[in-house]
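I opened this notebook to record what I looked up in the structure. The entries follow the order in which I consulted it.

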Amino acid sequence: MDQSDSEVCNLSDAGAGTNNPMCKCGKRSRILTAFTLPNFGRRFYTCENYLNVDNRGCGFFKWVDLDICQHGKRVVSKLFEWHENLKTERAQIGTTISNEILKCKIEVAEYKSKMEVASINFEMQLQMQKNKFHAREMKYRVALTCSLVVVAVLMFFPVSNRHSSRFMLP
Ligand SMILES: [Zn+2]
């Protein structure tokens, strides 16, 4: 019997029943269920020390159930085929979902990176505008100060001229 671990199950394991035949170890055998074709669902006696396909204890083996009839085998074979197709389909859907999640993560990372660059550019533009504003403000202050000085001088000069013309006249 060629079985992997997933093809054997203790679904119908009744433990070491008192009616179970003795295995080569001198212990009562246990019952497991095969899930292989063409013995899908068929129970068998095996060594109580059976762990997996590579470690079958003393290797004792005997069928519990009679062989399945030909029609039953065809039905089981069809069910097995559907089951395998469903497993494949599920794996493909899982892969598709994983790929979509990965794509979304990449898109989010790219968007985040673009937003960071845009934010840095915005900060730089803002700083440049602030600098321009301060430079213009300074220019206006200087111009205003100069204008005030000129006005003050113009207001002061006529008075000075009157005083000087009075003293200089003969
Ligand atoms: Zn044994």
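Entry 1. I note that the model is a predicted one. E1 and E2 run antiparallel and are joined by two bridges.

Entry 2. I then turned to the pairing of E2 with E3, which is antiparallel and extends over four bridges. Among the partners I looked up, Ile 31 is bridged to Tyr 45 in E3, and Arg 30 has Thr 46 in E3 as its bridge partner.

Entry 3. I asked in which order the four strands of the open sheet lie. The order is E1-E2-E3-E4, and the pairing is antiparallel. Strand E1 (8-9) and strand E4 (61-63) are the edge strands, as each pairs on one side only.

Entry 4. I followed the side chains along E2 and found that they alternate. Arg 30, Leu 32 and Ala 34 point to one face and are buried.

Entry 5. I located Asn 39 in the loop between strand E2 (30-34) and strand E3 (43-46). Is Asn 39 buried or exposed? Asn 39 is buried, because 20 other C-beta atoms lie within 10 Å, and the cut-off for a buried residue is 20 or more. I also looked up Leu 66, which is 27 residues from Asn 39 along the chain; the C-alpha atoms of the two are separated by 9.9 Å.

Methods
Residues are numbered from 1 along each chain as its sequence is written. This is a predicted model: local features need pLDDT of at least 70, side-chain atom pairs count only at pLDDT 80 or more; totals for chains, interfaces and linings use all residues. A residue is buried if 20 or more other C-beta atoms lie within 10 Å of its own, exposed if 12 or fewer, and partly exposed in between; C-beta atoms are placed from the backbone. Two strands pair if DSSP finds at least two bridges between them.
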